[in-house]
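Trainee: I'd like to learn how to read a protein model piece by piece. Could you walk me through this one?

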Amino acid sequence: MERVSTVEAAKWLLDVARVRISDDCLVRACEIGDVQLAEFLCARAAVARSRAFDEAARFGLSMLQALNDGVLQSLTFLSYNSIACDRACERGDLASLRWLLERKFPVSSKTCCAAAAGGHIACLDYIVNNTNVTLQGLTGNLFHYGFIRNEKALLYALEHTKDTTPSDKAIKVG
């Protein structure tokens, strides 16, 4: 038997078998990183929920963009439990993080920790400089999740030392 693409299978289900494809199909397309299927389902008015964006963030900007702005604008409720920014920071994917934050996806304490755990300074810098996360909040989260031993010492060091080897990846304080 001939094997067809996931998009062709979805078209057959919709057009020939007249099966209504549930929103879970879009989530599944995002889980497996199938950009073409996600784009097809979005064009056929599949409703993207926060979970679809959470899964899409695992695969980067092209997958997120497959869930186009039109679909995002149709969301009436964006879950504050969304972990899409966390997923982007786990991978150090600054482009995806920017895309998500521009669309008001939430940042949690785990987002900063995901970036810190992977050593993704560019993501941490972007969060600190482009969200309402404060330096005290960031150091507090790093301490809470065990990434640093002394929150006050790190905060003092960041505020009172000069970076002698500046780079585009340095976190700027003050």
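This is a predicted model: local features need pLDDT of at least 70, side-chain atom pairs count only at pLDDT 80 or more; totals for chains, interfaces and linings use all residues.

Trainee: How many helices and strands does the protein chain have?

Mentor: Helices (H or I, at least four residues) and strands (E, at least two) are DSSP runs, numbered from the N terminus. Here the protein chain has 12 helices and zero strands, so its elements read α-α-α-α-α-α-α-α-α-α-α-α from the N terminus on.

Trainee: And what share of the residues is buried?

Mentor: Buried means under 20% relative accessible area, exposed means over 50%, and partly exposed is in between (1.4 Å probe, protein chains only). Of the 174 residues in the protein chain, 42% are buried. As for contacts (heavy atoms within 4.5 Å), take those with a separation of 6 or more: 64% of them are between residues 24 or more positions apart.

Trainee: Now salt bridges. What's the idea, and how many does the structure hold?

Mentor: Side chains of opposite charge can pair when their charged atoms come close. The cut-off is a side-chain nitrogen of Lys or Arg within 4 Å of a carboxyl oxygen of Asp or Glu. The structure holds six of these. One of them pairs Glu8 with Lys11, with 3.6 Å between the closest N and O atoms.

Trainee: Where do Glu8 and Lys11 lie?

Mentor: An α-helix has 3.6 residues a turn, so residues three or four places apart point the same way. Glu8 and Lys11 are both in helix α1, three residues apart, or about one turn of the helix. Glu8 is partly exposed at 41% relative accessibility, and Lys11 is partly exposed at 33%.

Trainee: Which residue forms a salt bridge with Arg28?

Mentor: Glu31, and the closest N and O atoms are 3.3 Å apart. Arg28 and Glu31 are separated by about one helical turn, because they sit three residues apart in helix α2 (residues 23–32). Arg28 counts as partly exposed, at 47% relative accessibility. Salt bridges that share partners also join Glu55, Arg58 and Arg87 into one network.

Trainee: Which residues of α7 are buried?

Mentor: They are Ala84, Cys85, Asp86, Arg87, Ala88 and Cys89. That makes six of the eight residues in helix α7 (residues 84–91), which is mostly covered.

Trainee: How do I read a nonpolar core?

Mentor: In soluble globular proteins, nonpolar side chains tend to be buried together. A nonpolar core is a set of buried Ala, Val, Leu, Ile, Met, Phe, Trp, Tyr and Cys residues joined through side-chain atoms within 4.5 Å. The largest one here has 44 residues, and Leu26, Leu67, Leu97 and Leu100 have the most contacts inside it. Helix α3 (residues 35–43) gives the largest share of this core, six residues.

Trainee: What is Ser96 in contact with?

Mentor: Leaving out neighbours within four places in sequence, Ser96 is in contact with Gly60, Leu61, Leu64 and Ala88. Ser96 lies in helix α8 (residues 94–102) and counts as buried, at 0% relative accessibility. Ser96 and Ala57 are 39 residues apart in sequence, with 6.9 Å from C-alpha to C-alpha.

Trainee: Last one: which residues form the nonpolar patch on the surface?

Mentor: Patches are made of residues with over 30% relative accessible area and no salt bridge; like charges are joined within 9 Å, and nonpolar side chains (Val, Leu, Ile, Met, Phe, Trp, Tyr) within 5 Å. Accessible areas come from the Shrake-Rupley method with a 1.4 Å probe, and for residues only the protein chains shown count as cover. Here Trp12, Leu13, Val16 and Val19 form the patch, with about 370 Å² of accessible area together. Trp12 is in helix α1 (residues 6–15) and is partly exposed, at 48%.

How values were computed
Residues are numbered from 1 along each chain as its sequence is written. Side-chain values use heavy atoms; hydrogens and water are left out.
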